[in-house]
Amino acid sequence: MADMDFAAPFARMVDAACPPATVRAIERGESHAALWDQFEKSGFLDALVPECAGGSGLSLAQVGPLIQTAGRHALPLPVGDTMIARWLFAMLGKAAPHDAILLASTRAALTRRPPTEVADLGLFENGGELYLAALAGLSDETPVEHVGPVPEGGLRLLAALVRAASIAGAAGALLDRTVRYANERVQFGRAIGKQQAVQQQLAVMAEQCVAARVASEIGFAGPLPLRPEAVAIAKAVTSAAAPVVAATAHAVHGAIGISEECDIQLLTRRLHQWRISEGSEAYWEGRLGTARLADVASSVDWLVAASSVPSR
Amino acid sequence: MFETLSLQTIPPEDEALRPIIRALAAEVADGVAADVRARSWQGFDSAFSRRLGAEGFIGLTLPKRYGGSERGPFARFVVVEELLGVGAPVAAHWIADRQSAPLILNFGTEEQRQHYLPPICRGELCFCIGMSEPGSGSDLASVRTRADRTAGGWRLNGQKIWTTNAPHSDYMIALVRTSGGAEDRHDGLSQLIVDLKAPGVVVRPIVDLAGDAHFAEVFFDDVDLPAEALIGVEGEGWRQVNAELAFERSGPERIYSSIVLLDAWLTHLRRSGVATEATVRLAGRFTARLATLRAMSIACTGQLARGESPVIEASLVKDLGTSLEQDIPQAIADDLASRPDDAVDGELLRTLAYVTQVAPSFSLRGGTREILRGIIARGMGLR
């Protein structure tokens, strides 16, 4: 319940600060400074930073719902990434910049980022070291600033976990919208949601959304440093769910869902992007499978051990 | 939606049962071939069930005054997970422990509780659930088996079919019509406890496609039952059955039906050293899905522990769980045969064959996929 104490005010803030029109404006290239300023002033960006370093000292499990909320609203700025980045800076005993920081496990992922990924700075990994780069005009030759050693397990674990929670949040928002639409849209003289064929599709979509959320929670359970197998479960399941959820949302919405003015595209485009960001389901299934095959434990033993959260 | 399904931790006092039940399960599972253990639900071993009863592992959620252990659904989750994880034979107490005992506790009279619950907790009584009929599958409200009032109780006529465990059972809890007709749908249905040794009862086993006879047809021809055969309230059978199904649909049994095969395959891969990229990914995919489903099932268990009846959530977990259970044999078959020159031992192939053959039943028993998705849709306000 303590998690809700932070999640509810954060959700209210995002709701007020970032309506769909703002998402579109920032994607068009309009300034995001005013929106970012609100997050900066809210204190939420320092959620993971220890209290002794001026942050809120929240646990990873408490921050998961906040990142899901950002996903729900198709927030066009890397709030979750920046929370993680600021924690990393604090761990290195450095002052974090005030700008919006995007996490990427490689420099190439920053230079080739899609238009949905708007940020000021990029924090990336190269040869076991972290670097910070200004994103404006970033190329493979631009000079970058050395930050410090990468966290245990590598930056990709952290970045993938943020994507997993983002997918879980966006999927949940799409489910709500799609069910609402199915109850409103009338064809053949009744709401399409009364058709069994549509109901069965929406039930499958709901299953995928719940699986994605629970998988994301698995990734966020327990203290930092992250457990690679927990992140692999989170990202593999959310990435596999993303295209199913996006496809069903579009199938139920019909032609209007393809239009720019229908808000579901803000979420479905991001679902596909987050699915392939920092490793698709195939990548994480491969990592998890390698770990699983190296372990002689029975399935139940493995699951029990994987779910027992180590204390900090 | 469905925010109630959220990560939960099994309490340490329930987790503490794990090594004890594990040791007991090992007694009957160690050294037994995987294709035999894969039949866990059908594995009938009275001595083992009595042993579990004596050790306090049956009726875990029941009050002590009826022979139970007064622990919660989490304790039952741990015990069931350990038994199914190794494919221990559970048929002799399974249905009584999971469904019949909670039903009798919730809806039965004090006399019924005292009569049935202690022997169930000792692992001595085997129950089956009489729902399906030749004309009533998913459309359960159309049952035609009928019980009419007599001077001393009830007279039962009709037929049940596909009744799991009927050939071994002492009692059936049957959903029957006690008033009205098929047009009354959910009204007029009641649940009766039928002594399967009563005159007029004929149980005829049905052989399944794998050669086993775990289900049966059960005929009732003027079977006289005492008045106290009625369980709960006359005419409330439908509501009682639905409360019961939340227990049936939410447990770990809905994710572990193919677990013995999965472990046999993983062992084979480690032994043979085969690790193509596709095979490794498949192992990872099963692991990720299983871990997520287990967390969802534990979340449902948490709802039961809070006294809720997670009908919709349980349907969601069961549909997703049986999909994984069915994907496991299909994908493992493709994986093994993607290397036709590799030697695969007979035990693994027999296990694969068995699970492949019975896998369609995973999404039939306890409510078909289509019925479950309808329940989920209703939960989302679509019907």
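The exercises below concern a predicted model and come with worked solutions.

**Exercise 1.** Determine whether the radius of gyration of chain A agrees with that of a compact globule.

Solution. Start from the chain length, which is 312 residues. For that length, a compact globule would have a radius of gyration near 20 Å. Chain A has 20 Å, so the two agree. Along the principal axes, the C-alpha atoms of chain A fill a box of roughly 65 × 55 × 40 Å.

**Exercise 2.** Describe the make-up of chain A by secondary structure, burial and contact range.

Solution. Chain A has 12 helices and six strands. Of its 312 residues, 50% are buried. For contact range, take the contacts in chain A between residues at least 6 apart in sequence; 65% of these join residues at least 24 apart.

**Exercise 3.** Characterise the side of chain A that touches chain B.

Solution. First count the residues: 40 of chain A are in contact with 44 of chain B. Next list the elements of chain A that give two or more residues to this side: helix 7 (155-184), helix 8 (196-220), helix 9 (228-253), helix 11 (281-293) and helix 12 (299-307). Helix 8 of chain A provides the largest share, 12 residues. Finally, sort this side by class: 23 nonpolar, 10 polar and seven charged residues.

Conventions: Residues are numbered from 1 along each chain as its sequence is written. Chains are lettered from A and ligands numbered from 1 in the order in which they are written. This is a predicted model: local features need pLDDT of at least 70, side-chain atom pairs count only at pLDDT 80 or more; totals for chains, interfaces and linings use all residues. Helices (H or I, at least four residues) and strands (E, at least two) are DSSP runs, numbered from the N terminus. The radius of gyration is taken over C-alpha atoms; the globule rule is 2.2 Å times the number of residues to the power 0.38. A residue is buried if 20 or more other C-beta atoms lie within 10 Å of its own, exposed if 12 or fewer, and partly exposed in between; C-beta atoms are placed from the backbone. Two residues are in contact if their C-beta atoms, placed from the backbone, lie within 7 Å. Ala, Val, Leu, Ile, Met, Phe, Trp, Tyr, Cys and Pro count as nonpolar, Asp, Glu, Lys and Arg as charged, and the others, Gly among them, as polar.
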